[in-house]
Structures are given as structure tokens and as C-alpha cells.
Amino acid sequence: MSDTHANTVAYVRETMLPQVAPPASSTGPVGWARENLFSGWFNTVVTVISLAIIAWILIGIVPWILSPTWGATSLSECREILTAAGSVGEHGTSGACWGVIRERWVQLLFGFYPSDLYWRPILSFVLMGVALAPVLFADRVPSQLIWFSAAFPFIFPWLLWGGTIWGPLAVAAGFVIGYYVFRILGAATSNLIGLVVGVLAAVIWWLFLSGYVVDALASVLPLGIEEVPSRNFGGFMLSITIGVVAIACSLPLGIVLALGRQSDLMIVKYICIGFIEFIRGVPLITLLFVASTLLNIFMPPGTNFDIILRVLIMVTLFAAAYMAEVVRGGLAALPKGQYEGADSLGLDYWQAQRLVIMPQALKISIPGIVSTFIGVFKDTTLVSIIGLLDPLGLSNAIRADSNWNGIVWELYGFIAVVFFIFCFSMSRYSMYLERKLRTGHK
């Protein structure tokens, strides 16, 4: 072979071939279906059977859902409309009676709350979204909103229950008093002594002093809005109120219980263990019965302990016990080197927990925490057993009306859809938070 020929022949390609689009059968919906639904004969058979079952279910459900009964004012009128439309099956008229939802959806949302005051719960829940924004989406909203988030727990009950403005301000003053007592005594003695005395100072203020101060201020400057008794609360407003308060309070209380269970102080450790094991070993419905009936027996005569407040306390304690175990699982999952690393930096116990240990433990525990939140929100329906008119309790009251006697699926279906929206939203936020914090495997 000559030198000229050797210089003109290349064994490595000197130019790139133009890119070619992948086959249409391997991309897009068709490619996804081939890979996931029809990747083999077994998957193909299962897919065809599943599609047939889904089609059979939809054929039966869709006409029932699309029944033209939104304008009906009673069950008998629904049946007349369905009969005229030809929606008659083997067991009589076939179709949903949506007139009950059109007529009672406001009651299902607000219970017996005065209609002229609906603006108050609506404003409360709108402000709740504003207050939750810096907590749930800290990187997308102004950080200054966190001050409103701190003030919202005192605004929320005042808007719902009404009364004098000095009541929630007195409650907030108790936290301020406890904080400053903790700071002063903590600097002079120790953080533990400052914490104990600060809590005692706040409790003494709330139980013995704040009432006189509120009465004095209300007599001098009566600022407030119309009071609404707890018996008028109901529907999803009651469920959301109980769920949000229990969720917001159970997480910090659960963290404290989890840390107390791992404490080296024997008294603190066994108190936390006893509380967690007792609460987790008792059904929630039993605690609700105790809150509604037995608790008044142990109170001084003439004490008016609001029933919703009692339920809030019991549901919060119940959720906190389960939350403590979820957080303890996150703490147990951390390698020992994280604790040793915090010690090597010279951090004290609380600094190590705040800066190193607890952020990692909470990231690990996100799925369990959100699952507990969802369970607590769904458990709010149990309050109907003790006489509170949550959505399920209201559905029984609606069905007792002669016009709607016999309505079942429409009411329960509407309630189920609303609960699904809330619970599914919490589940999706959990997945978003896991992706953001990279807690899951990619």
C-alpha cells in the first residue's frame, strides 16, 4: 500500500451522522403503553381485563352521577325527574338525587353558624392559608409573613368564636411572660430552671390573673365582635378547625415527647414513656367520651369548659403520642456520627438538636408525619359520636328531614370527595417536600 493511499483512508469517522428521531413506537404515550402496559403477554392480558372492568364500572356509575336532579327539592321530586327522563332500572329509578347537595351544601360546610356571619369563618380560613404559606413554602413567599403566622393562632379563635379582643391578647401575653421569665432565670441559673418557672408563670397568668385583667380592660374599652356559641359549630368548618389545631399543636408536642423519651433524666423519661404508651393504648373514641362526659366531674362546680376545647385537647394529645413515635423513629435512624459531630463542634444539647439532629430526623420522618396528619384529619369524624355535628353528624340530621329521608350515597359521596381533596393535597405536599429536601431515592 502506497503512502498516498494510506493518507487518504481513515479508520475513525471524521464526520458525525445527523441525529435521527427515535421510533414513534418507543416515545410518547404509545411508547409508555408498550413499556408499562403491553410489555409481555401476561401484562397485556392483565391490562385488557383491567380496562374491561374499569369500563364496566364507568358504564354503571357515570349515568348515575350525571342525573338531571340538581333542581329537585325532595327525594320524591328526584324520582319524578328520573322517571320522566327514562332513568329507571331494575330496582326503580336509577340516578343520584343531587338536589340535596344543592340545598344543603352550605349547611354541610358551616353547620348552624349564623348566616350573616359566614364572612368570619371564610376570612379565618383565607388568613390560615396566608399564615401557612411561609411555613409550607418558605422559599417562595416573603419571610416577613412569619410574624403573621405567629399571630394567627390568636386571631383564628377570636374570629370564629368572637367576643372581646382582650381575650386572645391575654393568651398571647401569657406566652410573652413565660418567655421573658425563661430568658431572665435561664441566664441567671440554668435553662431547665428557667423553662420550668417560665411555664409555671404562664399557667398562673392564664388560670388566675388574665380573667381579671380581661374583665377590667373590657369594661374600660369594650372592643370585640358578636359571640357565637360552640353549639352552632358544625360541618367541615368544625372538622377543619379540629384537624388544623390538632395538627399544628401535635407536631411540636410530639417532638418534645420524643426528646423526653430519650432523655437521661429518669423522671422525664418515664413520664413521657407512660404518657405515650397510655395514649397509644386507648382508642380515640374513648378519650372523646372522657372529654365529653367524665371531664366535667373532676372540674370545680360551675366550671364551663367548652366542649370543642375539650375535644381539641384530647385529639391533640392523641396525635402527639403517635407523632412522638414517628419522630423517635427519625432520631433512631440517624447514625451515631451525627451526634458525635455535634459534640465535636462544642454545641450544647439544644443547639445540637436545633442545628444538626432534629432537621435530619424530621426529613427522614416526613412520610410518617404526613400520614399521622392525614389520620388525625380523618379521625375528626369521630366527634359525631359525642354529639358534635361534623359532616357525618349533619348528614344524619339531613336524612331525618322527611324531604330527604332515604338519601345516603349522595351525602356520603360529597363528604368523601371533600375529605379526599384535603387528604390528597397533604399527600402531594409530602411528596413535594421529599423531592425538595431530597429525602427519597432518585
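I began with what α7 packs against. Its buried residues (under 20% relative accessible area) contact α6 (119–136), β3 (163–164), α8 (166–188), β4 (224–225) and α10 (235–261), where contact means heavy atoms within 4.5 Å. Helices here are DSSP runs of H or I, at least four residues, and strands are runs of E, at least two, numbered from the N terminus.

The model is predicted: local features need pLDDT of at least 70, side-chain atom pairs count only at pLDDT 80 or more, and totals for chains, interfaces and linings use all residues. Residues are numbered from 1 along each chain as its sequence is written, and side-chain values use heavy atoms, without hydrogens and water.

I listed the buried residues of α7: Ser149, Phe152, Phe156, Trp158, Leu159 and Leu160. I then looked for a bend, the angle between axes fitted to the seven residues ending at a residue and the seven starting there. α7 bends by about 45° at phenylalanine 152, and proline 153 follows within four residues. Just after α7, glycine 162 has a positive phi of about 80°.

Next I checked α3, which covers residues 41–65. I found a bend of about 25° at leucine 58.

Last, I turned to arginine 310, in helix α13 (residues 307–333). A polar atom of its side chain lies 2.9 Å from the backbone oxygen of alanine 291.

Methods
Polar contact = N/O pair within 3.5 Å; in protein donor to acceptor, adjacent residues only side chain to side chain. Buried < 20%, exposed > 50% of the residue type's maximum accessible area, 1.4 Å probe, protein only. Expected span 1.5 Å × (residues − 1).
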